[in-house]
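Subject: Structure for your review

Dear colleague,

Please find below the structure that I am handing over to you. My notes on what was found in it follow directly after it.

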Amino acid sequence: MELIQSFTVDHTLIVPGIFTSRVDVLGEYRVTTYDIRLKRPNREPVIDVAAMHSLEHIIATYLRNDPDWKDEVIYWGPMGCLTGFYLILKGSRTPQEIYDLLLDAFKSVDGVQEVPGTTAENCGYYRMHNLDMAKWYANEFAAYLEANKDNSAIYEYPRAERLVTDDGQHFFDS
């Protein structure tokens, strides 16, 4: 079975940042999946589940209401490993081109008074939210983005080196 693209990234070297995970062509359309990484995988504690859930609600609402971007947003959701989020947009932009959108989205969390969509009718587990911790993580990431705006490491995935034999066999521990 072929290794999926996101597993070819060397997770021991990823730093927080904004990365292009994949670009898909669907008919005449391009769709880009971005890895919005808030934590260093396997080196930092992951994001608290309730805070992650709150960030999902708040930032999804922000992105889908941004007048310049709302028609481009397909998906915003958490990674299973709880170290970041996936953003899927129409088109194909560089991570630097969506930097301001994401910085503004994370900065906006600080002004939120109530997590949107937190009723039993609106959410699959409406009791699992933590707005205060969501604000803490959002402020931490926004400050990090601002401090590292010109650092290319926050935009470029470190790729895992994979030995491939002449007959196409992959060695994943190389």
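I begin with helix α2, whose buried residues are Y99, L101, L102, L103, A105 and F106. Buried means under 20% relative accessible area, exposed means over 50%, and partly exposed lies in between, with a 1.4 Å probe and protein chains only. Helices (H or I, at least four residues) and strands (E, at least two) are DSSP runs, numbered from the N terminus. The cover over these buried α2 residues includes β1, β2 (29-37), α1, β3, β4 and α3.

Two remarks on the source are needed here. This is a predicted model, in which local features need pLDDT of at least 70 and side-chain atom pairs count only at pLDDT 80 or more, while totals for chains, interfaces and linings use all residues. Residues are numbered from 1 along each chain as its sequence is written, and side-chain values use heavy atoms, with hydrogens and water left out.

Turning to the strands, four of them form an open sheet in the order β1-β2-β4-β3, with antiparallel pairing; two strands pair if DSSP finds at least two bridges between them. Because β1 (17-26) and β3 (73-78) stand at the edges with a single partner strand each, one side of each is left without a neighbour in the sheet. On average, neighbouring strands of this sheet are turned by 15° against each other, direction ignored. Five bridges join β3 to strand β4 (residues 84-90) in the antiparallel sense, and Y75 has I88 in β4 as its bridge partner.

Helix α1 (residues 49-65) lies across β3 and β4 and runs at about 165° to β3. Such angles run from 0 to 180 degrees between N-to-C directions, with axes fitted to C-alpha atoms, for helices over the stretch in contact; contact means heavy atoms within 4.5 Å.

The structure also holds five aromatic pairs. Rings of Phe, Tyr and Trp (its six-membered ring) pair if their centres lie within 6.5 Å; planes under 30 degrees apart count as stacked, over 60 as edge-to-face and the rest as tilted. One of the pairs is W76 with F106, edge-to-face at 6.2 Å centre to centre and 70° between the planes. This pair links W76 in strand β3 to F106 in helix α2 (residues 99-108), 30 residues apart, and both W76 and F106 are buried. F106 also forms an edge-to-face pair with F141, at 4.8 Å centre to centre and 70° between the planes. F141 belongs to helix α3 (residues 131-147), 35 residues from F106, and is buried, as is F106. Together, W76, F85, F106 and F141 form one aromatic cluster.

With kind regards
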